[in-house]
Amino acid sequence: MPGSGYAVDLYQADRPLGAGFLLTRCFVLTADHCLRYLAVGEEHVSVRLGDGTEVGGRVCRRIEEADLALIEVLEPELVPLTLPVGDLPRRGDRWRGLHRPSLSDPHLGGHVDADAVDYTCVGGGRIQAMQLVAEQALGDYSGYSGGPVERVTTADRGAALLGVLIEQYPDRQAPDRAANVLFAVPLREVMSRFPHFRTDHLLQALEPPASVAEPVGRHEEQSAARGSAAPPPVTAPVNDSPGAESAPVSVDMAVAKGEALLSALKEWSERGLIDPGQVAGLQVHIAKNVVDLALGGEAS
């Protein structure tokens, strides 16, 4: 049973498979082992949305060693615009699970014990994972995996999607039971595993190169036409001397450019001009480029 607007249930015919959630209107993320009962060669599933609507889905990529699977939504026009806002986890963050297997099962919650640890999945793959502590000592957490892990709102930070729950650590004293230590794959690892979300080559569309001059007043006219103020274009120093290398970007300039891009992303997401599910990956990429530029490297 979904617990939020972007949490979903997965079915094959009338048989429940497990939990998942919308990354975008076109893709659902889940744990690969939730699909273990699919027949060989079977790729079609039903996606039950939070409001009870069912849409068709097709398994388009399974990464068994990392326990991740991506499902393409075949009728994205039926998916509501309630999509998650992603963020990076931090140690000590309070978290909650938005999915529970049935109405008689409790909601999970607790704190992030480690935001990025090297972890070997049951499938044998090595991933960067979040280590979570659950306050609910259930002994058996089966049925919860595949669901979203969301940061709880605090005074200084809002709710945000942190990753996907995949595994529970076994109790060393009772191997048939699970300890209250859980593992989840953070969004950054998810984005790096699936080529569907590699949009680095499109970032130029968000901020044109500084070498491309724009007519005076053009930016303001476009902003007025869109009905709201957009951040002014950020330019970088250009050295036109023959054979000269480009002038290094200062820390202040790198930060200013990054802030302008992040501001634009937030505005466009709120106005529905860009899929909110892709904002997290773009934010991570922008932040990485800001750091690289500030350290004297080159942006990717």
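**Note on the predicted structure**

1. D32 lies in the loop between strand 3 (27-30) and strand 4 (44-48); strands (DSSP runs of E, at least two residues) and helices (DSSP runs of H or I, at least four residues) are numbered from the N terminus. The model is predicted, so local features need pLDDT of at least 70 and side-chain atom pairs count only at pLDDT 80 or more, while totals for chains, interfaces and linings use all residues. Residues are numbered from 1 along each chain as its sequence is written, and side-chain values use heavy atoms, with hydrogens and water left out.

2. D32 is buried, with a relative accessible area of 6%; here buried means under 20% relative accessible area, exposed over 50% and partly exposed in between, with a 1.4 Å probe and protein chains only. The side chains of D32 and R62 are joined by a polar contact of 2.6 Å. A polar contact is a pair of N or O atoms within 3.5 Å; within protein, one atom must be able to donate a hydrogen and the other to accept it, and residues adjacent in sequence count only if both atoms are side-chain atoms. Leaving out residues up to four places away in sequence, D32 touches R62, I63, E64, D67, L68 and A69, where contact means heavy atoms within 4.5 Å.

3. One of these partners, D67, lies in the loop between strand 5 and strand 6. D67 has a positive phi near 55 degrees although it is a residue other than glycine, and it is buried at 6% relative accessible area. A13 likewise has a positive phi, near 60 degrees, in a residue other than glycine. A13 belongs to the loop between strand 1 and strand 2 (15-22), and its 64% relative accessibility makes it exposed.

4. Which residues does F194 touch, not counting those up to four places away in sequence? They are L29, R61, I63, L68, A69 and L70. F194 sits in the loop between helix 1 (187-193) and helix 2 (218-226) and is buried, with a relative accessible area of 0%. From C-alpha to C-alpha, F194 and I63 are 9.0 Å apart in space, yet 131 residues apart in sequence.

5. The covered face of strand 4 carries V45 and V47, and the uncovered face carries H44, S46 and R48. Strand 4 pairs with strand 1 (residues 7-12) in the antiparallel sense over three bridges, two strands being paired if DSSP finds at least two bridges between them. R48 in strand 4 is the bridge partner of D9. Strand 4 also runs antiparallel to strand 5 (residues 54-63), to which five bridges join it, and R48 stands opposite E54 in strand 5. The hairpin of strands 4 and 5 has five residues between the strands, and there G52 takes a positive phi near 95 degrees.

6. The largest nonpolar core has 47 residues, and L22 and L23 have the most contacts inside it. Such a core is a set of buried Ala, Val, Leu, Ile, Met, Phe, Trp, Tyr and Cys residues joined through side-chain atoms within 4.5 Å. Strand 6 (residues 68-73) gives the most to this core, with five residues. A second, separate core of 14 residues includes W95, L108, A178 and L182. Apart from neighbours within four places in sequence, the contacts of L22 are with G5, Y6, V8, F27, V28, L49, V73, V79, L83 and P84.

7. Six strands form a closed barrel in the order 7-8-9-12-11-10, with antiparallel pairing. Direction ignored, neighbouring strands of this sheet are turned by 50 degrees against each other on average; axes are lines fitted to C-alpha atoms, for helices over the stretch in contact, and angles run from 0 to 180 degrees between N-to-C directions. Strand 7 (residues 94-97) and strand 8 (residues 109-120) pair in the antiparallel sense over three bridges, and the partner of R94 in strand 8 is H111.

8. The structure holds zero disulfides, a disulfide being a pair of cysteine sulfur atoms within 2.5 Å. C26 is partly exposed at 32% relative accessibility, whereas C34 is buried at 3% relative accessible area.

9. Overall totals follow. The protein has four helices and 12 strands, and 43% of its 300 residues count as buried. Of the contacts between residues at least 6 apart in sequence, 60% join residues at least 24 apart.
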